[in-house]
Structures are given as C-alpha cells and as structure tokens.
Amino acid sequence: MAEKILDKVAFFKALEQLDCLIDDSEDEADIKLSHIIKRSRNSDNIISSNCCEDTPPFKLLRATSAPQSTSTSIAGSSAQSKMLTPGSDGLQAGVKRSNTTGTLTGRSEADKQSKRRRVITPRTVAEEQQIFKGLVFFFFPNNDVSPLRRLRIQRAQEYGATWAKTWEAHITHVIVDKGLMFQDVLKHLKLGAFPPHVALLDESYPSECIKFKSVLSTTLVRFRVRGAPCPEAEETNPPNETPSTASLPLKPGRKQRVTPTPSQDSRDQCVVNPTPEKPVEAPSDEIHQEQRVPELSSRERDALDDMIEAAKAAKDLPLDPLEESSVEANDTEASDASDTESVGKKESDRSKEDKMVEAWQQKFACMQKHDSNSKVDNPNSKTIAVLQQMLDYYTRTSDQWRTLAYRKAIAALRRQPKKVVTRAQARAIPGIGPRLADKIEEIVFTNRLRRLENANNMPEDRILQEFLGVYGAGISQASRWIAQGYRSLDDLNTKASLTKSQRIGVEHYHDFAQRIPRHEVEAHGEIVRKAVQKADPGMQVIIGGSYRRGASDSGDIDLLITKGDATIEQIRAMMMDNVIPQLFQDGFLQVSLASSSRGDGSKWHGASALPGSKIWRRIDLLFVPGSEIGAALIYFTGNDIFNRSMRLLASKRGMRLNQRGLYADCLRGEQRKKLNEGRLLEGRDERRIFEILGVPWRPPEHRIC
C-alpha cells in the first residue's frame, strides 16, 4: 500500500507541475498527463494483484484542483501523505476550492500574473529594414495592458517607430484598436477636429507595413477607422482631350478573396514590393481589376497560370544593375514560346534565314523587326499608347505583376493585324485577361481610361510620382517621405534628412527630368572621347542606350569605355586616376553620384554640363573590357523588352546571356540557383551572339519593342 501511495504522490506532484505550464505548451502537457495516468493505472494493476483479498480496494479520486504552490513537496512529508488517503480530497485547510473553475483561490498573485502575462523576446531589426524610422505612433488606447496591443507596440518600435505616450504635436500616426470609432478618439483627446497632418489608422496598419516591408499608403480603405471622414479625389479631365459622356458602367461590387499586392487600384493604392502571402478579404470592387491569383483546383491550365509561372521565374532577373543573378528572363511572349502547336501559318515573305529557325522561336520579340514606323502603322496604336501610360505608372510604383500583365497585353495587341474593338475580341487573344479586356473596350469606345485618370489626379499619387523622380529615391523611400508628411520638393529640401545624392537630385530635379536632345548627347560624348583618347589613343568611346537605337532624345547619357586588348582593371585605373579628374578640372563633370567596382565590372555615375550651359545632365561611364564588348552592347542598347526576349531565348536553348557574354553548360540547382559560371561561347562579337542564338541580325534601330 505504501508503494501505491507514493505513486499517487508522484501523480499529484507531476499534475502540479503541469498546471504551472504556460499556455503555449498545452499540447505537451496533454501528452505528459496521458503518460502519468497510464503509469498510474499500470501501478494499480500490479499492486492489486499482490495485495491480500481482505484489503479493501483503493479508489483513485479525481483531482479537480492543483496544489497551492509548485514549491510544496508532497512526497517528503508524512502529514501530507495522510491527506491522500481514501476519504480525503487532498486539500489543505484554509485553501478554498472554486466551485466554477476548479482553481485555488489561495494561489499567490505573482503566480497568476506570471501565467497570464507572456514575455515576448524583442527582435533586433537591421537599420536599413526599419521602415518606421522617423515616425511617431500614438496608440488608442495608449497603453500596453492588452497583450495584442503590447505586441503591436513592440513590433512598431523594433522597426524604428517612436511610441508617444502623451498627445504631442509631432505625432505622425494614430493607431486605433478594432471596435473603436472616430468619435471615441475625438472625445478622448478632446479635439474639435482631427489634425489633417496626422494619419488615423486601424490596428492592422503596422503589421501590414511590416509584412510588405514598406510604409503603406494611409488612404487605403481597409485601414480606415469607423466613422472617420472619407477623403474624396477630384475628377478632372486630361488636357487636350474631349471627355466622353457615354462612359462604360461600373461593374457591380462582389466579395472575392484576393492576394494582397503592393499596389491597389483607384483610391486603394499602396506602395510596396513585395511578395503576396496570405489572402485577405477585398473591401472594394475596384481591387485587382487587372490581376487575380487563381485558387488551386482541378481546372485546366490557362494563360494566366503561364503568366504567373513566368513571373516567378523572372523575379530575380535584373536589367538595370551590372549584375546578372539569373538567366530566366521573363518576356511578354513567355507563354507563347512554350506553345509549339499553336503557331499559325508562316508568312510567305519570310526570309530564307527565318525559315531555318524552329517554329516555336518565331514568337519571340527579338525575332521580329521593330522600329518607330511599326508602332505608328499598327491599327491598335492608340490603345497601346494608353496602356503604355498605365504600364509606365506601374513600373514606377514597382508593381511587377501588373507590369508583366500590361507587357503581355501590349505585345499581343502589336501582333494583331486588325483593330481590337470589343471585350470579346480582346478576350480571344492569348495573354489578355478579362480585366484588361474591359479596359481595352473602354479605351476604344470612350477614348479614355478612368483608372489612368485616377492615377494622374489623386494628390498622393502625383506627389509619389514627383518624389520617384528624385535621383537616389526608390519606391520605398518616396513612400516614407509621404508618410512623414512631406508634400513637395521644398519640403524635402528644407525638412527631410537626405543623403548627398538625394539632395543633389532634389536641387537639380528639373535638370535631370528634362529629355536630352540627340545633338547634345553627341556633344557630351565627344568631350569624353577627346579626354579618353588623349590619355590612351587606343581607347574607344561608344554612346549606348536609346541614342544607339536612333531616338531623338534620351533620359541620360550612357558611354561605354573600352579597348580591345585591355582588362577591366587597366581601363578603370586610367579612367579613375586620369580622365575623370581631368574632366572635373575642365569644368565638364559637376559631381560624382555613384561609383562601384567589382572584379568583372565597373561604372561611374555623375552629372555633367556643356561649356556655357547651366543645365546638368545625368551621365554614366561604363568600363568594359574588349573581351565583353559584344555582350555589353546588346545589354546597354536595349530596349529592355528586346533584352528580356534574347535572354529568355538563350535560356530556352540551354544557354545563359548576360552583359558579359553568352555561356553554355550552366548548371542550376533548386529554384534555378546558379551552380557554375558555364562555358563562354562568345562575348566579343555582337553579331556572333545573334548567330549562335539563331536570331536574325537586328541593327540597334530595329530593337524598339
């Protein structure tokens, strides 16, 4: 019997320890409890078989409460052992049992507090990831009594926000708990009207910003506090355009589950670059008119699936920096390239060279002749022009999904021999979804696009576009400036904390925003050419970019500095030590904005001005060894659609093309991670690269896709 009592003592002692576990370990506690009960039952069976027949059976009473404290030892006290005999409920005198919960009222307050309040370990967030840096949050209610509110406050502070514990003038955001209304905020803060410079948002705003790793727009509908006034955007008509009175009717609203993207339609516009994570309920029928991510089902694969798959493959492919981390480029004809059975009849006037190429390759943009005249002669040129404006808008806001969708639609329209008028005609074209089909019909019948007008007329969108034009400012920085209350370039110049490059970008904003005439690009190139050849007569200076494609003006000046037998180190040393200092001394170069160097590439970014001119122009000096000049000319000539098409074609043929050369035998692992550099096929000869890929030679002026 003594062994049985000791087993029961151990049972209650273990049960006492389980009662002190935190909530997060409930599953583990259940498992431990089941083992203890099983062990107790096994012990009962053994003892009962060894006991005499006249010994009354021991009845195990159900424990409905825990001992008073985890520090009390039951097994070490004989007096406490007596309390566990039959007929006793095992409770000490003076400890009362709760009739409702089965807990002990004699438990210390410290134990209750330690079990109820969890301790959340603070995180260390890198300074460059602190998206709330410079922002001041006021929470309503403004305390950390609630565990959820305490977590929100801690996370906001980890990402750079300052928690204002009293109402102060420099507060930028007020975060209101769910269920509270706008009138409650005014009443508590004793305000007649809410300050216009302070953003009033619901409790989900900080977590959404952290999810997308950017400061989101404060005008989003889903962040609005109940009862708060709704800001209205003024509808104005674009200049030099006659508004149509027969605008297409709006679609009826309907609830649908969508995946959040960094950019929302109409007023629900937010600014981030991120990847979609969890589906949320869409509060507006205007959200995602161009893009809907399909749910997994047993339905047949459609064009949108191909587009999504191609976008995932191309998300790591950069075109602007000098680093090529992936060859899986994503082009507007990606889904068409894999469709080997849908190729129509070959044109009768196709050249002999084209006839030798496999049929699937003919759909690639790089296989077609593109120039300025082909765009004018297209029957859908007006529709394409409006869609191109929307594409430019989404490109500036880093909305890669809509950017891809619009690229596919524009490329598909360019291939149509007849004008696409109705929604049904647009839907019949591979690569055009229902949302874009509606917009095409709207453009044709009304000569306008309401979504584009909203983007141009929303005050916050106009400010965002202006801030994105500042050199050194991306979408994340521009959004942060708006969240901090800056509304003009003067605000940035006088109030914002700017880097050296950003301050130059603000001061010379209007200079850098102007297009550079072709003759002026030539003048800048000639000055650099004379200085370079003075230092080394064997060096060459080639003007790239849109100038090489024959454009009448350019956004900046790209100059490739090269020599046939020189290495990148030799070219860079000569430029950085001799040529660039001399051009500064001559007064041609005005400022250095960026300079980077790697073992296989170098560049120098800055600003220049012609003699006698006060207008600064953006100029890039790109140092290219002679062994890579052919691939570099393809890369720095563009345009970007043509380059993406070339890279995608190389990938489909088992090769890899970047700004340094064309490679074969490049091995890739999971998620197409590059495992080796591959074998160089050609880098010096531009025409030879076209020939290896099976692409007819396209002079630069025919690469305007």
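1. Start with the contact of α12 with α15. Thr383, Val386 and Leu387 in α12 meet Leu436, Ile440, Ile443 and Val444 in α15. By class, this contact of α12 with α15 holds 6 nonpolar residues, 1 polar and no charged. Keep in mind that the model is predicted.

2. Now the geometry of that pair. Helix α12 covers residues 381-396; its axis and that of α15 come within 10 Å and cross at roughly 120°. The crossing of α12 and α15 is right-handed.

3. Helix α15 has another partner to check. Helix α13 (residues 400-414) packs with α15 (residues 434-446) at an angle of about 55°, the axes being 11 Å apart. This makes α13 oblique to α15. Here α13 passes α15 in a right-handed crossing.

4. Which residues of α13 and α15 meet? From α13 come Ala405, Tyr406, Ala409 and Leu413; from α15 come Leu436, Lys439 and Ile440. The residues in the contact of α13 with α15 divide into 6 nonpolar, no polar and 1 charged. Note Leu436 and Ile440 of α15: they meet α13, and they also meet α12.

5. Next, the parallel sheet. Its 4 strands form an open sheet in the order β2-β1-β3-β4, with parallel pairing. β2 (162-163) and β4 stand at the edges with a single partner strand each, so one side of each has no neighbour in the sheet. β3 (residues 173-176) pairs with β4 over 4 bridges, in the parallel sense. Within that pairing, Val174 stands opposite Leu200 in β4. Helix α5 (residues 147-158) packs on the sheet and touches β1 (136-140) and β2; the direction of α5 makes about 180° with that of β1.

6. A cis peptide bond deserves a look here. It runs from Phe140 to Pro141, with omega near 0°. Pro141 is found in the loop between β1 and α5.

7. The stretch between α6 and β4 has two features. A search of the whole structure finds 13 aromatic pairs. One of them is Phe182 with Phe194: the ring centres are 6.2 Å apart and the planes lie at 65°, so the pair is edge-to-face. Phe182 lies in helix α6 (residues 182-189) and Phe194 in the loop between α6 and β4 (199-202), so the pair ties together parts that are 12 residues apart in sequence. Lys190 lies in the loop between α6 and β4 too. Its phi is near 60°, a positive value in a residue other than glycine. Most residues other than glycine have a negative phi, and most peptide bonds are trans.

8. A further cis peptide bond joins Gly638 to Asn639, again with omega near 0°. Asn639 lies in the loop between α24 (629-637) and α25 (640-652).

9. Strand β15 (residues 661-664) is joined to β16 by 3 bridges. Tyr663 stands opposite Leu680 in β16.

Note on methods:
Residues are numbered from 1 along each chain as its sequence is written. This is a predicted model: local features need pLDDT of at least 70, side-chain atom pairs count only at pLDDT 80 or more; totals for chains, interfaces and linings use all residues. Side-chain values use heavy atoms; hydrogens and water are left out. Axes are lines fitted to C-alpha atoms, for helices over the stretch in contact, and angles run from 0 to 180 degrees between N-to-C directions. Angles under 35 degrees count as roughly parallel, over 145 as roughly antiparallel, 65 to 115 as roughly perpendicular and the rest as oblique. A crossing is left-handed if the near helix is turned anticlockwise from the far one by less than a right angle, and right-handed if clockwise. Contact means heavy atoms within 4.5 Å. Ala, Val, Leu, Ile, Met, Phe, Trp, Tyr, Cys and Pro count as nonpolar, Asp, Glu, Lys and Arg as charged, and the others, Gly among them, as polar. Two strands pair if DSSP finds at least two bridges between them. Rings of Phe, Tyr and Trp (its six-membered ring) pair if their centres lie within 6.5 Å; planes under 30 degrees apart count as stacked, over 60 as edge-to-face and the rest as tilted.
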